[in-house]
Amino acid sequence: MTPDDGADGPRRKPHDSLSPAPGGMLVGREHELKVVEEFLRRAAADGDALVLQGEAGVGKTALLDAAEEAAEADGVPVIRTVGVEGETDLAYAGLRRLLTPLLAHLDGLSRPQQRTLATALGLDKGPPPDRLAVANTVLSLLGLAGGNGSLLVIVDDLPWLDRMSAAVLAFVARRLAGTRIGFLGAFRTGESSFFDGGGLAAIEVMPLGRTAAAGLVDRRYPALAPRVRQQVLDEAAGNPLALLELPARAADGRHEQPEHTAPALPLSQRLEHLFAARVDPLPPATRRALLLAALDATGDLGILVAAFGAPAIDDLAPAERAQLIRVDGERRLLAFRHPLMRSAVIAMSTPQQRRDLHAAIAAQMTDEPDRRAWHLAEAADAPDESIAVLLERTADRILRRGDVVGALTALLRAADLTPDGRDRSRRLARAAYVGAEVTGDIGSVPRLLADAHHIDPDGPAALAAAVATSAYLLNHEGDVNGAYRMLFGAIAVREELDGEDDGLIEALWFLIAICVFGRPELWQPMEGLTGRFRPAPPRYLTVLAKAFGDPAHQALPVLGELDGLIGGLSREPDPAYVTRVALAGAYIDRQRACRGPVQAVVDHGREGGAVTSQIQTEVILANDDFFAGQWDESLELCDEGIRLCERHGYPLLRWLYVHQDAVIAAARGQTERARAAADAMTRWAAPRGVGLLLAYGHGIEALVSLGRGKYQEAFVHASSITPAGELRPYTPYALWTALDLVEAAVRSGLRTEAARHVAALRDLDIPALSPRLALVTAGAAGMVSPDGRFADHFEAALAVAGAERWPFDRARIQLSYGQRLRQSRALADARRHLSDAFDTFQRLDAAPWSAFAGKELRAAGGVRGKLQAGGIASLTPQQRETAMLAAAGLTNKQIAERLFLSPRTVSTHLYQIYPKLGVTTRAGLRDALNDEERRTED
């Protein structure tokens with residue numbers, strides 16, 4: 001066996017150890033073999049995963065081969081596949097190839113799991129399966145296949161797996177502890193992969209050292225001329241595949257002893273040339289069979305026989321003798337020894353040869369419509385509506401499976417193959433919308449829309465183009481008014497509005513989204529338009545519009561339906577649908593209920609899927625973390641969201657993250673940061689008519705003013721969102737600022753206004769919308785109640801089930817309660833609530849509120865350890881870790897890497913730490929920590 005990624009050489013006989021074999025095989029790989037051997041031992045005992053990475057030809061496949069043989073020698077079953085570049089847009093294609101040997105174990109799965117996997121692999125029809133359900137089912141199937149023993153899964157060329165298979169296998173690989181299943185994969189350095197990092201052990205396979213390289217060449221080519229030997233060693237630079245291929249090329253009689261060194265090429269390009277030279281002498285029938293196998297990529301010899309007849313198997317013999325391929329007659333599978341061999345075979349063919357063979361492959365794919373559509377598309381040499389229709393249907397299917405990038409690719413290819421201008425325009429417009437609203441490919445939208453408009457300015461594509469244009473105007477330009485006019489007009493001019501027309505339903509949903517960002521007056525015309533639909537739009541759309549657009553007045557009657565929709569999200573693969581339902585519940589505190597499906601959408605985006613959906617939903621996670629008191633985690637998500645928006649060109653959505661970041665800054669007393677964000681947001685939003693962001697700006701300012709004790713200022717800002725005593729229709733943000741408005745009014749002496757606002761909350765039965773809003777309403781009632789009655793309301797607030805899940809809101813209510821108790825001379829009870837509030841504010845680093853609570857606690861005669869000690873004792877655990885690392889001399893970046901934070905969060909921690917310790921430099925920080933250590937020792 002050779003140390004290359006699958007070059008020629010005899011396969012090593014199975015034995016118990018992976019030590020280098022005699023005769024020069026796997027020369028110089030002692031360390032890598034030891035790592036793989038230890039991995040196999042761990043995997044067989046308790047499950048494990050390992051990823052090999054390195055340049056092309058460095059020996060990754062050889063190490064995979066060695067692991068496979070060692071496992072089989074120990075009686076461990078092995079399943080293996082390889083990523084195929086031509087199948088990256090075919091959802092679950094790689095998974096199907098990998099799991100085919102295990103399908104006999106399907107009967108051991110539960111009925112739902114059988115349906116899930118059969119549907120994902122295209123073995124059965126049914127609703128699109130949830131990717132998490134597919135991943136868990138695969139994990140169960142692997143466990144069944146291993147039985148009471150162990151199992152080894154090997155996947156080469158991980159980055160060339162289709163996205164859905166890669167996502168599932170990455171999930172599985174990270175959850176093998178306790179399973180006795182091993183996962184061993186490989187990919188080339190520099191290629192992105194779902195398997196990068198994320199807790200998976202990895203080893204980089206480096207080029208061979210000079211001594212090992214020379215030893216390999218000498219053992220394989222002992223008679224090589226010294227000059228050629230030196231040139232080989234110099235050009236190969238330790239790459240094992242090059243070390244074995246370059247001498248063979250130099251020794252070829254047709255290329256005897258060149259007089260000068262060939263021009264230096266990148267190694268992979270050089271190797272492709274070398275592979276092409278090895279393919280060139282093969283008989284035409286062999287080259288034809290190899291080309292079909294390269295284009296088919298499944299390795300299924302049945303396709304070859306069906307296309308060319310049984311003798312085609314014999315045609316492969318010359319390639320097998322040349323060790324360019326491996327043929328497994330028992331399993332009827334063909335595998336190229338190296339991916340570059342497949343690339344070389346394809347590169348040496350003519351376009352017509354490739355089209356002919358794609359057509360031959362498509363003829364055998366009658367039971368696999370998606371793969372058939374792609375092969376037909378590659379076979380086409382002119383526009384063909386029938387193929388375009390098949391590809392558009394493929395796009396719809398894989399979009400429902402959650403593979404939005406594959407869907408966009410299919411739509412664009414369908415448009416290329418469309419002969420009719422109107423249909424081509426419509427498909428381009430659909431692709432533009434998917435790019436703007438789902439995949440994050442917003443930069444391509446203007447070009448696609450321009451092409452669509454040029455082809456058919458007033459045809460059936462007009463609505464699709466209007467939707468895509470509106471998505472671009474809203475997401476990229478923040479032009480709410482322009483987006484609304486464009487889309488409203490495109491819908492309104494239609495004589496009939498069909499509630500079962502998918503295009504119209506998509507347009508209506510996006511019009512709702514525009515209204516949420518815009519002004520309340522946009523809603524009434526939109527609702528009038530909705531009333532024209534016959535039949536009515538899908539009920540879920542009505543539920544989302546009411547809960548998302550006007551939760552204070554319209555959510556309660558549809559709350560049960562909304563919760564039902566949320567409950568079904570775990571089975572929903574479409575990231576766009578998950579995003580819409582989750583957003584609909586955001587203002588009424590359904591973030592936690594949606595967290596699992598939303599996290600799946602975010603992970604999908606991180607893995608190369610629906611980036612726009614990730615941007616739209618990651619803010620829900622950040623918001624949930626804020627309400628749950630996980631503020632540092634919320635800031636991390638905000639950082640990521642802001643970077644994504646800036647990278648992909650979504651300035652409007654960026655402000656959602658800026659808002660959450662600024663709210664935390666306001667709560668922590670970082671006044672300049674919070675106010676700068678509010679001011680920038682307001683200046684950006686005002687000329688564009690983005691009413692939601694204007695409200696966000698007032699909300700940030702209200703919280704800043706409350707923290708500074710500027711209560712009249714806080715009241716002005718809070719009542720700018722909605723006047724005291726009412727919850728303005730279509731102003732969902734008013735639910736998040738209700739406590740701010742009441743507290744600001746009470747502390748400003750505007751008790752009547754505060755009482756009117758509490759009455760408005762009760763009249764609309766706001767407490768019934770969520771436990772948090774019940775907590776807030778009862779707490780606000782306690783703030784406005786006269787002496788003698790306030791305790792009942794405060795106690796009712798603190799008795800709300802799960803109130804501790806919203807620590808900042810709860811602590812603010814406890815602070816007000818404790819203050820009222822102190823004023824009533826109930827000092828013992830006052831100290832209890834004020835102490836709890838103080839501790840919570842300290843943990844959150846809510847400095848203005850902890851200062852206020854501390855002052856009230858002292859006035860009530862209470863002395864907390866933290867309050868007395870201050871200094872280091874007042875630091876949170878994460879702040880203390882940050883302080884110790886900074887004092888040790890680590891940079892912010894190094895601290896961030898050590899604590900898995902962003903450098904900006906580290907900077908924020910230090911900003912908070914310095915005043916607590918009374919220092920201004922890292923040297924002072926070091927002295928403060930040293931003083932603390934000496935005091936502890938004394």
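Reader: How much space lies in the largest pocket?

Author: Keep in mind that this is a predicted model. Its largest pocket is lined by 45 residues. The space in that pocket comes to about 1,200 Å³.

Reader: Which element gives the most to the lining of the largest pocket?

Author: Several elements give two or more residues to this lining: helix H2 (60-73), strand E2 (78-82), helix H3 (93-99), strand E6 (325-328), strand E7 (333-336) and helix H15 (339-347). Nearest the pocket centre lie Arg 80, Thr 298, Leu 333, Leu 334 and Ala 335. The top contributor gives five residues, and that element is E2.

Reader: Over how many bridges do E1 and E4 pair?

Author: Strand E1 covers residues 48-54 and strand E4 residues 181-188. Ala 49 stands opposite Phe 183 in E4. Leu 50 stands opposite Leu 184 in E4. The two strands pair in the parallel sense, and the number of bridges is seven.

Reader: Which residue in E4 is the bridge partner of Val 153?

Author: E3 and E4 pair in the parallel sense over five bridges. In that E4 strand, the partner of Val 153 is Phe 183.

Reader: Is E4 enclosed or open, and how many of its residues are buried?

Author: Take the two faces separately. On one side, Ile 181, Phe 183, Gly 185 and Phe 187 are buried. On the other, Gly 182, Leu 184, Ala 186 and Arg 188 are buried too. E4 is therefore largely enclosed by the rest of the structure, with a buried count of eight of eight.

Reader: Is Arg 180 buried, partly exposed or exposed?

Author: Most residues other than glycine have a negative phi. Arg 180 has a positive one, near 65°. This residue lies in the loop between helix H6 (163-173) and E4. Because its relative accessibility is 31%, Arg 180 counts as partly exposed.

Reader: Is Asp 589 buried or exposed?

Author: Asp 589 also has a positive phi, near 65°. Its loop runs between helix H29 (575-584) and helix H30 (595-606). The relative accessibility is 15%, so Asp 589 counts as buried.

Reader: What is the omega of the peptide bond from Arg 534 to Pro 535?

Author: Most peptide bonds are trans. The bond from Arg 534 to Pro 535 is cis. Pro 535 lies in the loop between helix H25 (523-530) and helix H26 (539-549). Omega is near -5°.

Reader: How much space lies in the largest cavity?

Author: The structure holds eight cavities of 30 Å³ or more. The largest is lined by 26 residues, with Phe 517, Phe 548, Leu 583, Gln 616 and Leu 656 nearest its centre. By class, that lining has 18 nonpolar, six polar and two charged residues. The space inside is about 430 Å³.

Reader: Which residues lie closest to the centre of the second largest cavity?

Author: About 220 Å³ of space lies in this cavity. Its lining has 18 residues, and H31, H33, H35, helix H37 (738-747) and H41 each give two or more of them. Closest to the centre are Phe 626, Phe 627, Val 663, Trp 736 and Asp 740.

Reader: What is the relative accessible area of Arg 812?

Author: Arg 812 sits in helix H41 (residues 807-823). Beyond its neighbours within four places in sequence, Arg 812 is in contact with residues including Asp 740, Glu 743 and Trp 849. Arg 812 is buried, and its relative accessible area is 3%.

Notes. Residues numbered from 1 in each chain as written. Predicted model: local features only at pLDDT ≥ 70, side-chain atom pairs only at ≥ 80, totals over all residues. Heavy atoms only, no water. 1 Å grid on protein atoms, 1.4 Å probe; cavity = no way out; pocket = protein on both sides within 12 Å on 5 of 7 lines; lining within 4 Å. Points joined across faces, edges and corners; volume = space filled by probe spheres on them. Helix = DSSP H or I, 4+ residues; strand = E, 2+ residues; numbered from the N terminus. Pairing = 2+ DSSP bridges. Buried < 20%, exposed > 50% of the residue type's maximum accessible area, 1.4 Å probe, protein only. Contact = heavy atoms within 4.5 Å. Nonpolar A, V, L, I, M, F, W, Y, C, P; charged D, E, K, R; others polar.
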